[in-house]
Amino acid sequence: MGIQNDIVKFNVGGRIFQTTATTLANADRDSFFGALFDDNWDLKQPINGREFFIDRNPDCFAVLLDLLRTGDLYIPSNVPERLLYKEAMFYGLIGHVRSAKRGPFDGNRLKLSKSVTGRAPGDGTAIRAGPDGGCCVAHGSMVHVFDWMLEEHPPLNLDYQRVNDIGWVNAESVLISACERLGRGDSGMGLFSSYTGDLRYKFNVVHDNQIKSYTAGALCFSPDYKIFASCKGRSNEYGIGVWDQVTGKQIDFFYETPGWSLGEADKLQWLNGTTCLLVATLFPRKDNCYISLLDFRQKSTVWSWSDFGAPLTVDEKRARDAIAMEDCNSVCVVNEYEDLGFIDLRISGRSVRWSSRSRLMNGKMPDEPCYPKLALHNGQLFSSMNDSISVFCGPDWVLTSRLRRSYGGSICDFSIGGDRLFALHSEANVFDIWETPPTPVI
């Protein structure tokens, strides 16, 4: 940097601030302050030759400037927190604010930050963490969208089509899969604006050169901008559809083979290492559980497992959720008692190796059970059960901590994104936000 020790003056809303180019360089290149430097990181001169004028809130500017100087965030009582966040977004410093408020995500250090009461009565369907730290919550035919400050955007209304799954394409767009609406020929999947709630695009399934009505279920995305969705039509359109994320056009379809179940899948997961798609259809959606890995390049099933034909005495061991762990060459499943099971990915049809780690239920299920869900994040395994979420770590997946908040009833879904964990409760559509506090300064 050619002039990194030069004094820089700002006039912000009538107040004068002085700092150095070195301090400003702590901001990201794509921030407001990064734009003040040229390609060689030499500071550009102000237009009037004296100071840069910014017509913004000076109190918030003072807080953000100190953040660039020290890396610490102190918000005085006279500065509303939401106003500071909005100012940070203007300057492109929201990432710095979030990093200062929270440490790196660690399931063993998560603390309950806030609980939000939903806008709809009754059970929720799904919750998904967004790329900007917000989330969206599905209930019936409605999806409620919240930004990082947990301010709600206009809701997404599917007009009586029940939502089955939701996914973030990016911070501005939400993909929703839903049941078909009989007699209307509506497609089962649409792209909506997360800011306005407007429908941007409908995704069609084409079979025998005809557009078909279908129900879309589980969703998944791959790094090369493909969208995968389980699809259930009325004739032969059962299987996994593939669409181009940019154009919205259908580019492939993996048809369901006889005796297998793809079109009603509970979970899809893209595996970067093997470039395959995990498809899991689990009890109680079907009487038996089916898990497979699909290779779309060869249009083949490269690995499969099912409990079809298993003795009735192992009913309590039926898988309720599944997640692939490529580093361990295994698929992890969980049953209704939160017992973890592992299936070897290197051998098709291998039996489940069950490990009873925490029998919270003692053989009993609540009156209105919420079946467990699994998530894998930063090498930690998470499993929800009733009103708590367990965290497992290490090569043997030892139970290391448990997140619990009883208000709102059992947890029907949870999602991890960036530095937050969102847990959706079954009653009153309440969801909790768990965050990792910053590391204490010694």
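Start with C393, which is buried because its relative accessible area is 15%; buried means under 20% relative accessible area, exposed over 50%, and partly exposed in between, with a 1.4 Å probe and protein chains only. C276 also counts as buried, at 4% relative accessibility. A word on what you are looking at: this is a predicted model, in which local features need pLDDT of at least 70 and side-chain atom pairs count only at pLDDT 80 or more, while totals for chains, interfaces and linings use all residues. Residues are numbered from 1 along each chain as its sequence is written, and side-chain values use heavy atoms, with hydrogens and water left out.

Strand β29 covers residues 388-393 and strand β30 residues 398-404, and the two pair in the antiparallel sense over six bridges. Two strands pair if DSSP finds at least two bridges between them. Helices (H or I, at least four residues) and strands (E, at least two) are DSSP runs, numbered from the N terminus. The hairpin of β29 and β30 has four residues between the strands, and G394 there takes a positive phi near 85°.

Next, a sheet. Four strands form an open sheet in the order β4-β33-β32-β31, with antiparallel pairing. Its edge strands are β4 (111-116) and β31 (411-417), each pairing on one side only. From one strand to the next, the twist averages 20°. Strand β33 (residues 431-435) runs antiparallel to β4, joined by five bridges. K114 has I433 in β33 as its bridge partner.

Now the helices. Helix α2 (residues 58-70) packs against helix α4 (residues 94-101) at an angle of about 70°, with the axes 11 Å apart. Axes are lines fitted to C-alpha atoms, for helices over the stretch in contact, and angles run from 0 to 180 degrees between N-to-C directions. So α2 is roughly perpendicular to α4, a label for angles of 65 to 115 degrees. Which residues meet here? On the α2 side L64, L67 and L68, and on the α4 side H96, V97 and A100; contact means heavy atoms within 4.5 Å.

Finally, the whole chain. It has four helices and 33 strands. Of its 442 residues, 52% count as buried.

Note on methods
Parallel < 35°, antiparallel > 145°, perpendicular 65-115°, else oblique.
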